[in-house]
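Please look through the sequence and the model shown here.

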Amino acid sequence: MLYIKELQEEDTKEAGRFLLATMEEAFPHPLSETARLDALHMNERLVQPQRTAVFGAYVDGEAAGTIAVRPYDDRIASIEGRYDLKETCEIIKCYVDPAMRKKGIGTALLQELLHFCRQNDYHMLYLHTQLFLEGGLSFWKKQGFSIVAEENDEWETVHMEGKLAVIEQAVQKTETNAAGN
């Protein structure tokens with residue numbers, strides 16, 4: 001049975017191990033120091049700060065996925081100055097166990113994150129994915145996100161965005177379609 005919850009300090013060690021192992025498996029390049037620190041110090045970096053949260057998905061008590069949100073900080077040069085930083089968040093660390101994909105876990109995680117975004121006055125959602133991450137780009141497009149920039153470097157980064165209201169509608173549609181199958 002699927003269970004989604006906002007992670008608290010006591011959950012972060014297990015979730016960090018899951019996240020680190022999943023990212024290391026998914027990425028063909030060594031992880032950045034920032035990515036490693038986010039996983040190893042999840043409580044200090046993604047749970048405690050204001051307007052941040054991490055959600056975990058569990059199936060039969062086992063970690064099956066994560067997603068996190070934090071204020072966007074305008075650090076990415078290729079999209080610098082694009083967003084109103086007071087109302088823009090960044091979606092990060094969205095990973096689902098490869099054996100558990102295509103079961104609605106990513107959409108369920110995103111749904112919980114959207115509630116958090118609404119409660120925290122985020123109106124614009126930013127994320128980036130990589131072309132080599134299996135299913136990543138198609139998942140985000142299905143959820144209503146649009147491509148705003150692509151980088152043709154070794155990381156194959158695709159920058160995406162969506163207004164909260166638009167993403168909420170797309171996710172609702174995804175859930176309705178899934179329920180009908």
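Is K93 buried or exposed? K93 counts as buried, because its relative accessibility is 14% and buried means under 20% relative accessible area, with exposed over 50% and partly exposed in between (1.4 Å probe, protein chains only). The model is a predicted one, in which local features need pLDDT of at least 70 and side-chain atom pairs count only at pLDDT 80 or more, while totals for chains, interfaces and linings use all residues. Residues are numbered from 1 along each chain as its sequence is written, and side-chain values use heavy atoms, with hydrogens and water left out.

The chain has six helices and seven strands; helices (H or I, at least four residues) and strands (E, at least two) are DSSP runs, numbered from the N terminus. Starting at the N terminus, the order of elements is β-α-α-α-β-β-β-α-β-α-β-β-α. The radius of gyration is 15 Å, close to the 16 Å that the globule rule gives for 181 residues, so the chain is as compact as a globular protein of that length. This radius is taken over C-alpha atoms, and the globule rule is 2.2 Å times the number of residues to the power 0.38. Along the principal axes, the C-alpha atoms fill a box of roughly 45 × 40 × 30 Å. Of the 181 residues, 48% are buried. Contact means heavy atoms within 4.5 Å; among the contacts with a separation of 6 or more, 66% are between residues 24 or more positions apart.

Next come the nonpolar cores. Such a core is a set of buried Ala, Val, Leu, Ile, Met, Phe, Trp, Tyr and Cys residues joined through side-chain atoms within 4.5 Å. The largest one has 31 residues, and the members that touch the most others are I91, L110, L113, L125, W140 and F145. Two or more residues come from each of β2 (53-59), β3 (62-71), β4 (88-96), α4 (105-119), β5 (124-130), α5 (136-142), β7 (157-163) and α6 (164-180). The element that gives the most to this core is α4, with eight residues. L125 has contacts, beyond its neighbours within four places in sequence, that include C89, I91, L113, F145, M160 and L164. A second, separate core holds 18 residues, including A35, L46, Y95 and L133.

A35 also belongs to helix α2 (residues 33-40), where A35, D38 and A39 are buried. These residues lie on the same side of α2, because they cover an arc of only 95 degrees around the axis; the arc is that of the directions from the helix axis to the C-beta atoms. An α-helix has 3.6 residues a turn, so residues three or four places apart point the same way. On the face of α2 turned away from the buried side are the exposed residues E33 and L40. The cover over the buried residues of α2 includes α1 (12-26), α3, β3 and β4. In α3 (residues 42-47) sits N43, which counts as buried because its relative accessibility is 5%. Setting aside residues up to four places away in sequence, N43 touches E9, T12, Q48 and P49.

What about the charged side chains? Side chains of opposite charge can pair when their charged atoms come close. The structure holds 10 salt bridges, a salt bridge being a side-chain nitrogen of Lys or Arg within 4 Å of a carboxyl oxygen of Asp or Glu. One of them joins D38 to K93, at 3.4 Å from N to O. This pair links distant parts of the chain, with D38 in helix α2 and K93 in strand β4, 55 residues apart. D38 is buried, with a relative accessible area of 2%.

R75 and E90 form another salt bridge, at 2.8 Å from N to O. R75 lies in the loop between β3 and β4 and E90 in strand β4, so the pair ties together parts that are 15 residues apart in sequence. R75 is partly exposed at 41% relative accessible area, whereas E90 is buried at 0%.

E168 and R118 also pair in a salt bridge, their closest N and O atoms being 2.5 Å apart. Here the link is between helix α6, which holds E168, and helix α4, which holds R118, 50 residues apart. E168 counts as partly exposed at 25%, and R118 is partly exposed at 44%. Salt bridges that share partners join D38, R45, R70, D73, R75, E90 and K93 into one network.
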